[in-house]
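Reader: Please take me through the charged side-chain pairs here, with the criterion behind each label.

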Amino acid sequence: MTNRPSARISSRKKPKQARSNDLVTAVLQAAVQVLAQEGAQRFTTARVAEKAGVSVGSLYQYFPNKAAILFRLQSDEWRETSNLLGDILTDQSRDPLERLRSLVHAFIRSECEEAAVRVALSDAAPLYRDAPEAHEARLAGDPIIERFMLEVLPETSDKIRHRAGGLILTTMRTVGKEFSEETRSDEEIQAYADAMADMFCAYLQRLGGK
């Protein structure tokens, strides 16, 4: 049976004052700690409020339930990934495949550095993944990769570019998550990222007829 969200996952309201911003920041920082230490199954609003040093009532002013907190953490992570894509892939001063290589290295390292939270968020995904807000947030980085694919593969069809971009993003996310589930040394991260980048670059070069 498919798990679907039974309650809203958007924040109740946006903090407008410094004190409110501080409260939301404290809640989110506490949520990251609870998620990393306890995992998705033991994640509760009560534990987050206790860790943040605020009342549950204060927490509920901004987050209606634990799914809303988890979605905020996940959407922040998606936004960080989109920013990473934009910062690296739109740098016109560098060769496109060099940019792709840099992206793979930065992404894999980020996955390993934040593995505990990312794995727990993945476990908690049934609480929010089917909500419209989640679908919109998840697709935020797509236009960036589409523009990059057009730059790298200007002579190919939209269908091929779309498939190539989707394959690269999905592979990075899926394989990167699995790789980061174990503690990795700097040497392992470097070697793994090099191998993945080599694979992507060879694939794009073949599609481009180079």
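Author: Helices here are DSSP runs of H or I with at least four residues, numbered from the N terminus. The model is predicted, so local features need pLDDT of at least 70 and side-chain atom pairs count only at pLDDT 80 or more, whereas totals for chains, interfaces and linings use all residues. Residues are numbered from 1 along each chain as its sequence is written, and side-chain values use heavy atoms, leaving out hydrogens and water.

Reader: Why is the contact between Arg72 and Asp76 called a salt bridge?

Author: The term requires a side-chain nitrogen of Lys or Arg within 4 Å of a carboxyl oxygen of Asp or Glu; the N to O distance for Arg72 and Asp76 is 3.2 Å, so the pair qualifies. Both residues lie in helix H4 (residues 66-89), 4 residues apart, about one turn of the helix.

Reader: What makes Asp76 buried or exposed?

Author: Buried means under 20% relative accessible area, exposed over 50%, and partly exposed in between, with a 1.4 Å probe and protein chains only. Asp76 has 14% relative accessibility and therefore counts as buried, while Arg72, at 27%, is partly exposed.

Reader: Why is Arg184 with Glu188 counted?

Author: The closest N and O atoms of Arg184 and Glu188 are 3.9 Å apart, which is within the 4 Å limit. Salt bridges that share partners join Arg72, Asp76 and Arg79 into one network.

Notes: Helix = DSSP H or I, 4+ residues; strand = E, 2+ residues; numbered from the N terminus.
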